[in-house]
Amino acid sequence: MSEELPKTIKTTCPYCGVGCGVLATPQDDGSLDIKGDPDHPANFGRLCSKGSALGETVSLEDRILEPEINGKVSSWDESLDLVAKKFSETIKEHGPNSVAFYVSGQILTEDYYIANKLMKGYIGSANIDTNSRLCMASSVAGHKRAFGSDTVPGCYEDLELADLLILTGSNLAWCHPVLYQRVMAAKQSRPEMKVVLIDPRRTMTADIADLHLPIAADGDVALFSSLFKYLHENGFENSNFVGEHTSGLEKALDVLQDLSVDQVAQITSLNASDIQQFYKLFAANEKVVTIYSQGVNQSKTGTDKVNSIINCHLTTGRIGRPGMGPFSVTGQPNAMGGREVGGLANMLAAHMAIENPEHRELVQTFWNAPTIASEMGLKAVDMFKAVKDGRIKAIWIMATNPAVSMPQADEVKAAIAECPFVVVSDVIHSTDTVQLADVKLPSLAWAEKDGTVTNSERRMSRQKGFLPHPGNAKADWWQMAEVGKRMGFEDAFTFADAREVFIEHAKLSGYKNDGKRDFDVSGLADISSYEYDDLKPVQWPIVGQERAVKTRFFAKGEFYTPSRRANFVPVEVHADAKSASEQLTLNTGRIRDHWHTMTRTGRSARLSSHLGEPYCEIHPDDAEKLSIEPAALVKITSQHGTIIVRALITKRQQLGSVFVPMHWTDQFAAAGRVDVLVPSITDPVSGQPALKKVPVDVEPAKMATYGLLVSKHKPSPPKLDYWALSKCVSGWKLEFALGADQEIDFSEQSVWGMPKKANDISYLDQDSGRRRYAWFDGEQLESALFLSESPVEVSRNWAAERLSETFETTSDRYKIIAGRPSVDQPDKGQIICSCMSVGSNEIIGAIHKGCLSLDAIGEATTAGTNCGSCRAEISEIIHDNQILAAE
Ligand code: SF4
């Protein structure tokens, strides 16, 4: 690769399934200027806070730059030979099902293609699964049951064209922020457009909702099944569509005969009148889109939820036409690409079915493969159970962190540690999973790797490698292909570059297809290097020489079942037995500014400024009952483990349930991995784990000392009951706490693994138990430490900002340990707008000066004027302060 840096590059954001186009321009100082691509049809120039901060995540800090065997740097040849040898020997001795690949929605389609080909066609097992199993496997299963194929029928434009938009199990404002911005803009231009939010929590998405239904966890099947029945009984059925293009209506209705709205109200904890209002809205609006995401998928009834939604759209014929349809939005940037190449244990390549002998024969012939997997492999949860009980003896993990993200994460971590041979391909050294690897393989990161990704609306975009490959890092597809060659399959795995892999993938999609399968990109099978480099974002299918594309599917039927009719799937409604216990229900999910296990976003001070600690949202009445004070630490315990996080008391949280984000790992917190609490219960059809309904006990975590450290250097915390580390603009911020049985002398900076500085000042208040220390290097503040017997009451942003100042006089220095902003340094409060670094106090100040709209706040403070991801929170602050003013 040329070392000369190119000008502006058109590429794709590597985070969520919206798949926004990015313009990246390398700067002379080595930084990257990042903007949204105005020509990309997913975002038309918009980016959210995460996308906007991509330039802050590309440093080489902590990168794996060379292959390593047992912690020692090795060559590629030696490492790949060892991987091939170990896998071959294990297969020879224990059979093909004794090995596994666990891959990721973060890798590119070309990477996925090679991984799937090697495992299913050459090793002869289907033990390849992906972290997308945790994300959208229930949508795949629901699509296949209803449509006969894993097809997303609509496109993003439908969200803007709908007269009624239903969001169920989707916090679009935080998890798919650019789609949320598109919806918000559409609603502003057509105020008559209605939005219904179905979610146990009043998330930030509620800001645009005309109706919020705070449904009980897993109440969706009852709600949508009863809607399906209502539509049928009240004459809203599209009998032409049903008659010509579907089958199984009667059977699907039969199982709902006895379901009443009162029962639904009981199961969902919703008012019968709200339920009726929702049904009337659905019935009255022809143009309806139902968006669903992890709140639907991550459930033991996830697939039934998906089919209960699809049944409503099929019965009204509202599918595949502008502004209509069920719409699954994926969590990851290339979950869809993984589905296309068959990267799940229950699929074959190119949307073909592993259980279909004709498809197996077709794929094997196309690949000229010695074998083909003939039965489903182990899905993610079962795969790690097999690692634990020794059935899997060699595993290759790629671009994902199962030691944190899998249910029963402690057991998964222990299982990986015990597995005889573990290969991990990744970018960062310090992930919980990389640390367990026998062989570490350095992968290319975003901005270095080349290939394609597919977003939630079936749009393929190029992700481009435009920064030099650091050290000896290599593409994931190359690593797998090299191992394939070394296992004796030289011909099948010889590819010059990612384009050659893509071409084979495109050819397979069209092989003996003739319109029988939905996934067909054979129109790109002759793509030249120039065209591949310059590939414009395009929706599949892409067929024939003219490269014809299809924006929507199924308006005129033509489903992919043998009869070409869609199936109504009978979905039975069961009420979960009400628990008599005092336990709360734990829900897990994403936050606005972090991504997965924070390996990238945790490097950005801007993104860490919004929410810098693992936390638990809890309703005020539950907090009072459990004697939990604001900002106290709480211990959350399930049958499988315990975590300690900060309490965030809010009415957004439903009574009886708590919410904890999924992002914190052992690298960023002492005990913040929420998935250690989650049992490995899965949906029986999709195998997707239920991550959103876990019975837990919550109690105050009693601590004797609370602390806050801000430091220019990354601290290494000693063994503490609680700590949480985050980046800040000029250094690091560490929150911590310890119990009465822990004795640590905090007067020495070396406690944090930092060199001792002589130039320090301290302060001790015997009565309040407050202790403060500040260490200086010349006139620069090195670190400041605040200790207290109760949660430290010091503005975090104010303290962190002091790291970039100089302190000439002793009196200036004492202002630090006073812990209070002086008049000329007002406290911003919690950062709300991370792009422009605007805090809650600044927004409230502007409100008090009469700024009562988003635009006015933006003009006065700049908050919300860049990516717009914070606009829902600003609206809430305006709303709350107006209520306060009226009281
Ligand atoms: Fe990236 Fe944000 Fe767009 Fe998702 S919405 S693709 S995270 S910029």
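By class, the shell around the ligand holds nine nonpolar residues, two polar residues and one charged residue. A caveat before going on: this is a predicted model.

Who makes up that shell? The ligand is surrounded by Cys13, Tyr15, Cys16, Val18, Gly19, Cys20, Leu47, Cys48, Lys50, Gly51, Pro177 and Val178. As for the space the ligand takes, that is the second largest cavity.

Next, helix α12. It covers residues 272-284, so 13 residues. At 1.5 Å a residue, the span should be 18 Å. The end C-alpha atoms lie 18 Å apart, so expectation and model agree. Which residues of α12 are buried? Asp274, Ile275, Phe278, Tyr279, Leu281, Phe282 and Ala283. Note the aspartate, Asp274, in that buried set.

Last, the strands. Take β28, residues 694-700. Strand β23, residues 584-589, runs antiparallel to β28, and three bridges join them. Within that pair, Leu584 has Val696 of β28 as its bridge partner. Strand β25, residues 633-638, also pairs with β28 in the antiparallel sense, here over four bridges. On that side, Ile636 stands opposite Val698 of β28. One general point to keep in mind: in a regular strand, side chains alternate between the two faces of the sheet.

To recap β28: three bridges to β23, four to β25.

Terms used: Residues numbered from 1 in each chain as written. Predicted model: local features only at pLDDT ≥ 70, side-chain atom pairs only at ≥ 80, totals over all residues. Heavy atoms only, no water. Helix = DSSP H or I, 4+ residues; strand = E, 2+ residues; numbered from the N terminus. Expected span 1.5 Å × (residues − 1). Buried < 20%, exposed > 50% of the residue type's maximum accessible area, 1.4 Å probe, protein only. Pairing = 2+ DSSP bridges. Near = heavy atom within 4 Å. 1 Å grid on protein atoms, 1.4 Å probe; cavity = no way out; pocket = protein on both sides within 12 Å on 5 of 7 lines; lining within 4 Å. Sits in = over half its atoms within 2 Å of the grid points. Nonpolar A, V, L, I, M, F, W, Y, C, P; charged D, E, K, R; others polar.
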